[in-house]
Amino acid sequence: MLRIGSHVSMSGDDMYLGSVKEALSYQATAFMVYTGAPQNTIRKKLSDLKIDEAVKFMEESSLSFDNVVVHAPYIINLANPDPEKRDFAISFLTEEVKRTDAMHVTQIVLHPGSAVGKDREEAIKWIAEGVNKVIKNTKGSKVRIALETMAGKGNEVGKTFEELRQIIDLVEDKTRVSVCFDTCHTHDAGYNIKENFDEVMNHFDQVVGKSYISVFHINDSKNPQGAAKDRHENIGFGYLGFDALLKVIYHKDFTDIPKILETPYIDDKPPYFEEINMIRLQQFDPNLVEKIKNT
């Protein structure tokens, strides 16, 4: 089974139940949610998320919790040089992991952090230290923290496979850490995803290990390779292209790994039903943008 889906919202009266319904409306077999707004720390109580209703609905549908992913908010920076802000990041990520666990999800994607002080080695140590503390704070949980491959914008840590390896090496319980491989980010960081994904993956395997990959973010890019911009594009309309992304999605080594679309809305309309359909048919529709604009 192709494990493909997109980011979906969790808001309104239905909350998590609404997330499941939205994913199914795209004919998705996977999906990703934030437990609250990614730009702030405001969170509803677990009792308000309609988790039991979502679980019941999932059990009656074609969706499996193995293919559900939570994304941590962008504001978490385990590499902040300010000790108080690092402590806050650890505390908040701990609560996010607990919420992920309560939602029956077993992985949370995390942007590793930004080397605000520009000392990348120190930043890597702080990130690993923070991950270790979060894991200890959530002892007994099966939730893995999936470190995302980054585009290299600003002082982002995780723009190279070697940096991810350094963080993982310092994590004490490696069963609780994994990698989210983002196609746009790795392309923008300089890896030749478009022309030689197998070579890129062989390099990743040598440095980190393919077994650490637990989720893919499937995004085209608005920028050429190595631009370090992190600007997602709709599938097939960017510098990566449809065929290159299909090769990632259908790669034999990752059939059991969920693939999540984070492509931009078109005229405030989600493109996910159409993009998922293109991927299933393995046929690019050059008129996709105009079709969505006109619906």
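Glu233 is buried, with a relative accessible area of 14% (buried means under 20%, exposed over 50% and partly exposed in between, with a 1.4 Å probe and protein chains only). The side chain of Glu233 meets that of Lys222 in a salt bridge at 3.3 Å, N to O (a side-chain nitrogen of Lys or Arg within 4 Å of a carboxyl oxygen of Asp or Glu). Lys222 lies in the loop between strand 10 (220-221) and strand 11 (232-233), and Glu233 in strand 11, eleven residues apart; helices (H or I, at least four residues) and strands (E, at least two) are DSSP runs numbered from the N terminus. Lys222 is partly exposed, at 32%.

The model is predicted, with pLDDT of at least 70 needed for local features and 80 or more for side-chain atom pairs, while totals for chains, interfaces and linings use all residues. Residues are numbered from 1 along each chain as its sequence is written, and side-chain values use heavy atoms, leaving out hydrogens and water.

The structure holds 17 salt bridges. Among them, Arg3 pairs with Asp256, with the closest N and O atoms 3.6 Å apart. Asp256 is exposed, with a relative accessible area of 54%. Asp14 and Lys50 form another salt bridge, at 3.8 Å, N to O. Asp14 lies in the loop between strand 1 and helix 1 and Lys50 in the loop between strand 2 and helix 2 (51-59), so the pair ties together parts 36 residues apart in sequence. Asp14, Lys21 and Lys50 are linked in a network of salt bridges.

Ile127, in helix 4 (residues 120-137), is buried, with a relative accessible area of 0%.
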